[in-house]
Amino acid sequence: MRPLRHGRPTRHTVPAALGVGLLLLTGCGTEQLGAGGGAATSAPPVCGPGAPSAGSSAVPSPTTASEAAPQASASPAKDGVAILGTAGGGGGGARPCAAYSVTSREKVPFTYVVTFAFLSDGGQALGNVTETVPAVAPGHTVRGTVTAAGLPGDATGGSPRVRVLKVRGVPTAEAPVVGGACPPSGVRVYADEGDAAMGLRVVGLHLENCGTRPYPLDGYPRVELRDEDRDRVPGVSILQGGEAVATGTGADGPARRIVLNPGERAYAGLIWRNTVASVTNEPVNAPYARVWAKPGAAPVMVTPEFDLGTTGKLGVGPWKKDDAR
């Protein structure tokens, strides 16, 4: 059994919000509109020699979704994300990239994490790239570009194909934060990528005191599982202590009061099995967890992608000080 790895941050991190401006996509580059409505400056192209190996140039648009009217998608939209066009590949050293749009139908600002699948011209899977699009306002559309990391320009053997593999979105006010400005709460809370071995899943919750005052913790984080629509999942037992599911994960032991001084961190483990042992019960697949670090704390929505099978239970370990940090 591999122990809980609690030092590895998740890829579902939230960068600082980018500046607001209306962008027009030119191939896989972007063009900034000037004050008079004409093109004033052009951003460096994302594709081609010298382009960054990966990254998104998503910038919020002040127009509403109905006014945005993106160009015809290269593939059907999935959960509000559409591929507008692709470039690169086919030789010449240009990395495959895609222009995309994200349209929010929510009632509050949402932060989206989108996984794109890059395919060869013949449909062979080349790799996935995950991008975070922060703070999309209700009814607004964000346009950006994504570049395939680690793929040579001629790997596709022709024009690249890109499809939207998965879309996850959380209210921006509850989005996990790693690095950057300290939230008003004074703490950063996020989940790591986790470990999986022989059907056992172990995901670490992390809390960093980035504020100026000591932050006490006493007991266990409160966790609620949420489905694709972010509604609460019924019928799942949330059990205190990782040993309720498996031992040796680092999420066991009694709860103890700890105090985090500014700059110190703590972690707690989420433990479950994906065993399917019943033909009458439907397996539980819940992408999200809403987490409260302690009573009265602001909630944070993380995305561990729970696949609980038919076990019907999740073990939550106590907060422990992360002395390695």
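Trainee: How many salt bridges does a search of the whole structure find?
Mentor: First, a word on the ground rules: this is a predicted model, where local features need pLDDT of at least 70, side-chain atom pairs count only at pLDDT 80 or more, and totals for chains, interfaces and linings use all residues. Residues are numbered from 1 along each chain as its sequence is written, and side-chain values use heavy atoms, with hydrogens and water left out. A salt bridge here is a side-chain nitrogen of Lys or Arg within 4 Å of a carboxyl oxygen of Asp or Glu. Searching the whole structure on that basis, the count is twelve.

Trainee: Which residue forms a salt bridge with Lys 166?
Mentor: Lys 166 lies in strand 10 (residues 161–171), and its partner sits in the loop between strand 21 (300–302) and strand 22 (306–309), so the pair ties together parts that are 139 residues apart in sequence. Strands are DSSP runs (E, at least two residues), numbered from the N terminus. The closest N and O atoms are 3.5 Å apart, and the partner is Glu 305.

Trainee: Is Arg 168 buried or exposed?
Mentor: Buried means under 20% relative accessible area, exposed over 50%, and partly exposed in between (1.4 Å probe, protein chains only). Arg 168 also meets Glu 305 in a salt bridge, at 2.8 Å from N to O. Glu 305, at 25%, is partly exposed. With a relative accessibility of 8%, Arg 168 is buried.

Trainee: What is the relative accessible area of Lys 321?
Mentor: Lys 321 forms a salt bridge with Glu 264, with 3.5 Å between the closest N and O atoms. Lys 321 is in strand 24 (residues 320–321) and Glu 264 in the loop between strand 17 (257–260) and strand 18 (265–273), so the pair connects parts 57 residues apart in sequence. Glu 264 is partly exposed at 26%. Lys 321 is partly exposed too, and its value is 31%.

Trainee: How many residues of strand 9 are buried?
Mentor: Strand 9 covers residues 140–147. One side carries His 140, Val 142, Gly 144 and Val 146, the other Thr 141, Arg 143, Thr 145 and Thr 147, and both faces are covered.

Trainee: Which residue in strand 9 is the bridge partner of Ala 99?
Mentor: Two strands pair if DSSP finds at least two bridges between them. Strand 6 (residues 97–103) and strand 9 pair in the antiparallel sense over seven bridges. For Ala 99, the partner in strand 9 is Thr 145.

Methods. Helix = DSSP H or I, 4+ residues; strand = E, 2+ residues; numbered from the N terminus.
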